[in-house]
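Thanks for making the time, everyone.

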Amino acid sequence: MSKYMLIMRGTDESNAALMADIDEMMAATRQFIEEMVKAGVLLAAEGLDDPGQGVVVDFSGEVPVVTDGPYGETKELFGGYFLLDVSSRQEAVEWAKRVPAVTGSKIEVRRVAGDDEMPQGTAGSVEEPARHESTGRI
């Protein structure tokens, strides 16, 4: 099995269309999530807050520059993701084709690199140590 991330990308127009029918879209998304849970492929799913509430830290120069959102120069924004554990890229694509989405949206399908593909000494998720640190539990 391999992990694949289905990255939800939208434009201002597709995000506005999504918000116009938000109750219907949320119901369809809940149903989609239930289907992935029943199939045993869903590892995680989260959406992101309004991009106007975020910042960008730009490392183009000598000193990092922080810019408040929204980002007018950005055509598409990362809006959330589904993390799946599936047998192949094709299976991930088949799930991506079923994501409830509005016209103009895109779903990017990317494989998550395995621990054995990371440089020696860096393998493993940073999630576990961070969780231990925040909860004080091992």
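**Salt bridges, fold and pocket**

Let me start with Glu108 and Arg9, whose side chains meet in a salt bridge at 2.9 Å, N to O, the term meaning a side-chain nitrogen of Lys or Arg within 4 Å of a carboxyl oxygen of Asp or Glu. This pair links distant parts of the chain, since Glu108 sits in strand 6 and Arg9 in strand 1, 99 residues apart. Residues are numbered from 1 along each chain as its sequence is written, and side-chain values use heavy atoms, with hydrogens and water left out.

Glu108 also meets Arg110 in a salt bridge, at 3.2 Å, N to O, and the shared partners join Arg9, Glu108 and Arg110 into one network. Are these residues buried or exposed? Glu108 counts as partly exposed because its relative accessibility is 22%, the class lying between buried, under 20% relative accessible area, and exposed, over 50%, with a 1.4 Å probe and protein chains only. Arg9, at 23%, is partly exposed, and so is Arg110, at 48%. Elsewhere, Lys97 forms a salt bridge with Glu94, with the closest N and O atoms 3.3 Å apart; here Lys97 is exposed, at 59%, whereas Glu94, at 36%, is partly exposed. The search of the whole structure finds 4 salt bridges.

As for the fold, the chain has 4 helices and 6 strands, taken as DSSP runs numbered from the N terminus, with helices being H or I of at least four residues and strands E of at least two. Buried residues make up 17% of the 138 residues.

How confident is the prediction? The mean pLDDT of the chain is 85, and 83% of its residues reach 70 or more, although confidence is lowest in helix 4 (residues 127-135), at a mean of 52, and highest in helix 3 (residues 89-96), at 98.

Finally, the largest pocket is lined by 34 residues, of which Met8, Asn15, Leu18, Leu48 and Gly79 lie nearest its centre. By pocket I mean an open set of points on a 1 Å grid over the protein atoms alone, where a 1.4 Å probe fits, with protein on both sides within 12 Å along at least five of seven lines, and lining residues have an atom within 4 Å of a point.

Conventions: Predicted model: local features only at pLDDT ≥ 70, side-chain atom pairs only at ≥ 80, totals over all residues. pLDDT = per-residue confidence, 0-100.
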